[in-house]
Amino acid sequence: MLKIGIIIGSTRPGRVGKVIAEWVYDLAKHRTDAEFDIVDIADFSLPLLDEPLPAAFGTYEKPHTVAWSKKIDAYDGYIFVAAEYNHSISAALKNAIDYLYREWNNKAAGIVGYGAGNGASAAESLRMILAELQIADVRNQVKLSLHTDFIAFETFQPAPHQEKSLYGMLDQLISWSKAMRTVRS
């Protein structure tokens with residue numbers, strides 16, 4: 001069974017990413033072709049990258065890096081719930097990604113972006129980062145607007161078409177995750 005991690009990409013107090021990740025999980029968990037978990041980067045308390053060697057070496061000294069490595073390595077694919085911060089992803093997500101290298105390689109990812117601009121800039125920034133890590137990101141993505149998918153910018157109430165967008169992204173992600181599993185073996 002494929003394992004997919006739904007990564008909450010913000011650690012900001014009052015963040016809405018957790019609610020979005022729970023929405024993704026609630027819709028995805030009924031699938032029979034994969035298992036899904038929510039992975040909150042805030043739970044790992046990753047300081048600004050503090051490993052003495054580059055991640056590509058795969059030699060970690062810090063307990064938080066070892067725990068993060070084990071968690072991420074266990075998945076066949078990922079769904080990044082990415083907040084848009086100044087036309088990019090959050091510093092917390094970039095930092096969490098940069099801690100590792102091999103653990104990300106030859107896996108697939110889907111993106112659920114959110115922000116004032118539907119998270120489009122965050123998704124595009126994230127795609128460049130994922131390519132460098134040999135993560136195959138799927139074309140279909142979910143674009144959530146703080147203007148139309150939230151009440152008063154804080155209460156999540158996705159428009160009806162967002163569920164269809166999510167299902168389309170999940171279909172591609174599962175297919176690509178299966179294919180990438182053969183690349184890893």
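Is T65 buried or exposed? In this predicted model, in which local features need pLDDT of at least 70, side-chain atom pairs count only at pLDDT 80 or more, and totals for chains, interfaces and linings use all residues, T65 is buried, with a relative accessible area of 0%. Residues are numbered from 1 along each chain as its sequence is written, and side-chain values use heavy atoms, with hydrogens and water left out. Buried denotes under 20% relative accessible area, exposed over 50%, and partly exposed the range in between, with a 1.4 Å probe and protein chains only.

The protein contains five helices and eight strands, where helices (H or I, at least four residues) and strands (E, at least two) are DSSP runs numbered from the N terminus. From the N terminus on, the order of elements is β-α-β-α-β-α-β-α-β-β-β-β-α. The radius of gyration, taken over C-alpha atoms, is 16 Å, close to the 16 Å given for 185 residues by the globule rule, so the protein is as compact as a globular protein of that length; the rule is 2.2 Å times the number of residues to the power 0.38. The C-alpha trace spans about 45 × 35 × 25 Å along its principal axes. Of the 185 residues, 50% count as buried.

T65 belongs to helix 2 (residues 63-73). Not counting residues up to four places away in sequence, T65 touches D50, E51, Y60, Y99 and L100, a contact being heavy atoms within 4.5 Å. G110, in strand 4 (residues 107-115), is likewise buried at 0% relative accessibility. Beyond its neighbours within four places in sequence, G110 contacts Y78, I79, F80, V138, M169 and L173. The C-alpha atoms of G110 and K71, which are 39 residues apart along the chain, are separated by 18 Å.

A nonpolar core is a set of buried Ala, Val, Leu, Ile, Met, Phe, Trp, Tyr and Cys residues joined through side-chain atoms within 4.5 Å. The largest such core has 31 residues, of which I20, F36, I79, V112 and L166 touch the most other members. Two or more residues are given to this core by each of strand 1 (2-8), helix 1 (17-28), strand 2 (34-40), strand 3 (77-83), strand 4, strand 6 (142-145) and helix 5 (161-184). Apart from this core lies another, of 28 residues, among them V39, Y75, A82 and L126. Leaving aside neighbours within four places in sequence, I20 is in contact with V81, V112, Y114, L144, F150 and F156.
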